[in-house]
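Subject: Structure handover

Hello,

Here is the structure I said I would pass on. My notes on it follow below.

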Amino acid sequence: MTTTPTQLAVAAEEKGSPLNGGGPTSARRVIHTMRRSPAVLFSAGFIVLIALMAIFAPLLVQLSGWGPYEYDANAVNPDLGGLPHGSLGGIGADHWLGVEPQSGRDIFARIAYGGRVSLSIAVSATLLTTFIGVVLGTVAGFFGGVADQIISRLMDFLMAFPSLIFMIALLSALPAGNRPVLLVLVLSVFGWPYMARVIRGQSMSIKNREFVEAAYASGASKLQIVFREVLPNLTGTIIVMCTLSVPGYIGTEAGLSFLGVGVTPPTASWGQMIAAAVPWYATDPMFFMVPGTFLFLTVLSFTVFGDHLSKAIDTGEAR
């Protein structure tokens, strides 16, 4: 009895690697390659740090002793226009990262809660964008025909649309309630075409591969081939695209909040904190530097990690 060629067998034959016991799997090889890069290790460590800070923000705030909406009038000097007491923006045992001028709100607490808001919006938008992009991209690339024409023209329209201007106008006109949900929806509407375009190209390439032809010969339906052959081959691409999408959405959310159309006060947001710090950067630079540094390092960490992950998956070597 002859065994029908499978995707795994064809892939192993093309790569020249044995199926059983002949070396590390692709996932292990990617992890091994990523671990050799100091930039990846730093990026991954900072991402984990920010994620833990966002998850355990309520506990951390209890440990610090100040909530994100509590005012500490004793931490600021009214005679100096509300500047924090002490050096470096009031950093000390009571306020680990200093306080906001005038209000005296604890910056560490607002950074922790702001990270929770930014990450939740970015991750939610990434998941929704990925779902829409993978579904429509796979349909367009694998099935083709009229569906491909309609989806491709829709992608072209949305990618050519001045999305940032429309986001600002739309969010300015919408009510302030449930603003994080609105941000996720708006970001996803304009974000899915980029995912779908990549998935469409990959699907068009995969459907002509030998293991897909073998699946057809074995009597598999198109839907079975999509779930058993096409989507498993798109896993690496989807992971890389997701990793690179998160920093983009974090930056976009911060930019919209900076412009006053994102997360509304008093909800903490890094972009909102940077906007509030602009008038104070000359007299209290720490108020500007702390949220700016967290935003910069978070976006940089996700970008570096995603870039090296893409190289590791494509070439097996991240530099």
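In what follows, a residue counts as buried under 20% relative accessible area, as exposed over 50%, and as partly exposed in between. Please keep in mind that this is a predicted model.

Asp 156 is the partner of Arg 197 in a salt bridge, where the closest N and O atoms are 2.5 Å apart. Helix α8 (residues 179-206) holds Arg 197 and helix α6 (residues 145-160) holds Asp 156, so this pair ties together parts that lie 41 residues apart in sequence. Arg 197 also counts as partly exposed, at 31% relative accessibility.

How many salt bridges does the structure hold? There are six. Arg 110 is in helix α5, while Glu 100 is in the loop between β2 (83-84) and α5; the two are 10 residues apart, and the pair links distant parts of the chain.

Are these two residues buried or exposed? Arg 110 has a relative accessible area of 2%, so it is buried. Glu 100 is at 5% relative accessibility and therefore counts as buried. Together with Arg 105, Glu 100 and Arg 110 are linked in a network of salt bridges.

The other salt bridge joins Lys 311 to Asp 307, and its closest N and O atoms are 3.7 Å apart. Both residues are in helix α13 (residues 285-315); because they are four residues apart there, about one helical turn separates them. Lys 311 is partly exposed, with a relative accessible area of 35%. Asp 307 counts as partly exposed at 35% relative accessibility.

Helix packing

I have notes on two helix pairs. Helix α5 (residues 107-143) packs with helix α11 (residues 235-258) at an angle of about 135°, and their axes are 8 Å apart. Because of that angle, α5 is oblique to α11. The crossing in which α5 passes α11 is right-handed.

Helix α7 (residues 163-173) packs with α8 at about 155°, with 11 Å between the axes. Angles over 145 degrees count as roughly antiparallel, so α7 is roughly antiparallel to α8. The crossing of α7 and α8 is right-handed. Helix α8 is also where Arg 197 lies.

Nonpolar surface patch

Which residues make the nonpolar surface patch? They are Val 48, Leu 52, Ile 55, Phe 56, Leu 59, Leu 63 and Trp 96, and the patch covers about 690 Å². Two elements, α3 (38-55) and α4 (57-64), each give two or more residues to the patch. The most comes from α3, which gives three residues.

Phe 56, another member of the patch, has its place in the loop between α3 and α4. With a relative accessible area of 42%, Phe 56 is partly exposed, because the range for that term runs between 20% and 50%.

That is what I have for the handover.

Regards

Key:
Residues are numbered from 1 along each chain as its sequence is written. This is a predicted model: local features need pLDDT of at least 70, side-chain atom pairs count only at pLDDT 80 or more; totals for chains, interfaces and linings use all residues. Side-chain values use heavy atoms; hydrogens and water are left out. Patches are made of residues with over 30% relative accessible area and no salt bridge: like charges are joined within 9 Å, nonpolar side chains (Val, Leu, Ile, Met, Phe, Trp, Tyr) within 5 Å. Accessible areas come from the Shrake-Rupley method with a 1.4 Å probe; for residues, only the protein chains shown count as cover. A salt bridge is a side-chain nitrogen of Lys or Arg within 4 Å of a carboxyl oxygen of Asp or Glu. Buried means under 20% relative accessible area, exposed over 50%, partly exposed in between (1.4 Å probe, protein chains only). Axes are lines fitted to C-alpha atoms, for helices over the stretch in contact, and angles run from 0 to 180 degrees between N-to-C directions. Angles under 35 degrees count as roughly parallel, over 145 as roughly antiparallel, 65 to 115 as roughly perpendicular and the rest as oblique. A crossing is left-handed if the near helix is turned anticlockwise from the far one by less than a right angle, and right-handed if clockwise.
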